[in-house]
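Dear colleague,

Please find below the structure that I am passing on to you for your work. My notes on it follow directly after.

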Amino acid sequence: MASGATILHADLDAFYASVEQRDDPDLRGRPVIVGMGVVLAASYEAKARGVRTAMGGRQARRLCPEAVVVSPRMSAYADASAAVFDVFRRTTPVVEGLSIDEAFLDVGGLLRICGPPPQIAAQLRHDVMEQVGLPITVGVARTKFLAKVASAVAKPDGLLVVEPERELDFLHPLPIERLWGVGEKTAVKLRQRGILTVGDVARLAEKSLVAILGGAAGRHLHALATGRDPRHVEVGRRRRSIGSQHALGHRPRSAAELDAVVVGLIDRVARRLRAGSRVCRTVVLRLRFDDYTRATRSHTLTEATAHTGQLLTVARALLAGARPAIDRRGLTLVGVALSNLDDDAAVQLPLPFDRHPHGALDATLDDVRDRFGSKSVTRAVLLGRDQGITVPMLPD
């Protein structure tokens with residue numbers, strides 16, 4: 001194998017469900033669903049019956065009535081993730097985390113010490129199973145994109161190496177959905193024109209793809225389809241957005257209930273924003289309707305902020321603007337994301353300086369919650385309400 005294939009994409013298999021099966025031997029080999037109202041994760045035994053993440057619990061149980069449904073244990077998943085990332089960092093110092101259950105690793109500097117990348121990947125899989133007790137799939141390739149595609153093709157519990165000389169032979173027969181950036185709408189546009197595989201995309205002239213999808217998207221997909229991806233594995237890369245979401249089920253919700261959900265989400269993401277010493281300029285409201293279609297609303301502020309009150313005002317305005325669509329189509333999920341992030345040290349303080357800055361209350365509440373727990377102080381509107389599940393995140 002040519003030495004250029006030195007990037008690993010390591011991805012834990014059905015992460016939450018695998019942790020449950022690891023910790024309870026009675027669940028091994030059985031279909032497992034994590035999450036009661038909405039499926040947060042499904043074991044491969046459940047996936048084989050058609051169960052998918054984000055599916056409603058009732059539909060999942062109809063598809064797989066013999067499945068064992070368990071409540072999520074977020075602290076257990078956070079601990080497992082930390083242990084796996086310890087293995088990653090003992091393998092190579094060049095690790096770029098994507099989420100709590102996947103990462104890129106660059107092992108190009110380890111050839112003389114640890115052997116060729118496929119050998120390192122095999123050892124990594126062994127170490128994760130031996131030390132953490134979880135199956136992990138690894139793709140090995142010359143670029144980040146190809147490594148990620150390789151791991152997806154190799155799942156579950158597999159290892160796939162894409163040698164540089166056979167990259168296009170591997171990539172071109174795959175469906176267009178394998179390309180980063182091809183979602184449902186883009187796939188429809190391409191399939192309507194008879195573009196079904198990655199190879200079909202590669203055979204198009206770049207200008208033709210730009211005419212179909214627009215400049216940035218067209219150039220991006222053409223580059224990936226022809227094997228071009230110059231990105232390096234970045235250590236310490238900070239996240240580009242901070243978000244949280246709350247599944248609602250199919251019961252109609254009043255305006256007051258939806259407002260309380262948004263209040264809880266903003267409290268959560270604003271605290272994470274400040275914990276990372278970040279500020280944001282854009283607030284995004286994400287909606288999933290009863291028919292499973294999605295919509296987003298966003299607003300960009302003139303000045304970056306981390307103040308809960310300001311962010312909540314924007315989110316409430318976005319929710320009010322979306323209310324007619326919600327009334328017509330129902331709502332099963334609402335999410336909030338903060339983007340256009342910057343370090344808080346880069347923000348210039350406005351004049352005149354306020355003797356009692358409106359961030360003082362936020363800072364005080366953050367200190368109390370850090371010391372006594374996230375539920376030690378809460379808003380009256382949230383008392384007695386289900387605020388959803390706090391999903392563990394990688395440190396920012």
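Is the crossing of α13 and α14 left-handed or right-handed? The crossing is right-handed. Please note that the model is predicted, and that the remarks here should be read accordingly.

**The helix pair α13 and α14**

Helix α13 covers residues 255–275 and helix α14 covers residues 308–329; their axes come within 10 Å and cross at roughly 145°. On the α13 side, the contact is made by Ala255, Leu258, Asp259, Val262, Val263, Ile266, Asp267, Ala270, Leu273 and Arg274. On the α14 side, Thr308, Leu311, Leu312, Ala315, Arg316, Leu319, Arg323 and Ile326 take part. Sorted by class, this contact has 12 nonpolar, 1 polar and 5 charged residues. As a general point, an α-helix has 3.6 residues a turn, so residues three or four places apart point the same way.

Pro252 is found in the loop between β9 (242–247) and α13. With a relative accessible area of 70%, Pro252 is exposed, because the cut-off for that class is over 50%. Pro252 and Gly330 are 78 residues apart in sequence, yet their C-alpha atoms are 6.7 Å apart in space.

**The five-stranded sheet**

An open sheet of 5 strands has the order β5-β6-β1-β7-β8, with mixed pairing. Its edges are taken by β5 and β8 (159–161); each has a single partner strand, so one side of each is left without a neighbour in the sheet. Averaged over the sheet and with direction ignored, neighbouring strands are turned by 15° against each other.

Two of the pairings can be described in detail. Strand β5 (residues 95–99) pairs with strand β6 (residues 102–106) in the antiparallel sense over 4 bridges, and a hairpin of 2 residues joins β5 to β6. Ser99 has Glu102 of β6 as its bridge partner. Strand β1 (residues 7–12) is also antiparallel to β6, and 5 bridges join them. Here Asp11 stands opposite Glu102 in β6.

Two helices pack on this sheet. Helix α6 (residues 117–132) touches β1, β6, β7 (136–141) and β8, and its direction makes about 165° with that of β7. Helix α7 (residues 144–154) touches β1, β5, β6, β7 and β8, and its direction makes about 140° with that of β7.

**Aromatic contacts**

The count of aromatic pairs comes to 6. One of them is formed by Phe104 and Trp180, which are edge-to-face at 6.5 Å centre to centre, with 75° between the planes. This pair links distant parts of the chain: Phe104 is in strand β6, whereas Trp180, 76 residues apart from it, is in the loop between α8 (167–171) and α9 (184–192). Phe104 counts as buried at 2% relative accessibility, while Trp180 is partly exposed, with a relative accessible area of 23%.

How many of the residues of helix α1 are buried? In this helix (residues 15–23) the number is 7 of the 9, so α1 is largely enclosed by the rest of the structure. The buried residues are Phe15, Tyr16, Ala17, Ser18, Val19, Glu20 and Gln21. Their cover includes β1, β2 (32–34), β3 (41–42), α2 (44–47), β4 (68–70) and α4 (74–91).

Three of these elements belong to an open sheet of 3 strands with the order β3-β2-β4 and mixed pairing. β3 and β4 stand at its edges with a single partner strand each, so one side of each has no neighbour in the sheet. β2 and β4 pair in the parallel sense over 3 bridges, and Val32 stands opposite Val68 in β4. Helix α1 lies across β2, β3 and β4 and runs at about 120° to β2.

**Ser339**

Finally, Ser339 lies in strand β12 (residues 333–339). Its relative accessible area is 17%; because buried means under 20%, Ser339 is buried. Leaving aside neighbours within four places in sequence, Ser339 is in contact with Arg240, Ser241, Cys280, Arg281, Thr282 and Val284.

With kind regards

Notes: Residues numbered from 1 in each chain as written. Predicted model: local features only at pLDDT ≥ 70, side-chain atom pairs only at ≥ 80, totals over all residues. Heavy atoms only, no water. Axes fitted to C-alpha atoms, helices over the stretch in contact; angles between N-to-C directions. Left-handed = near helix turned anticlockwise from the far one by under 90°. Contact = heavy atoms within 4.5 Å. Nonpolar A, V, L, I, M, F, W, Y, C, P; charged D, E, K, R; others polar. Pairing = 2+ DSSP bridges. Phe/Tyr/Trp six-rings, centres within 6.5 Å; stacked < 30°, edge-to-face > 60°. Buried < 20%, exposed > 50% of the residue type's maximum accessible area, 1.4 Å probe, protein only.
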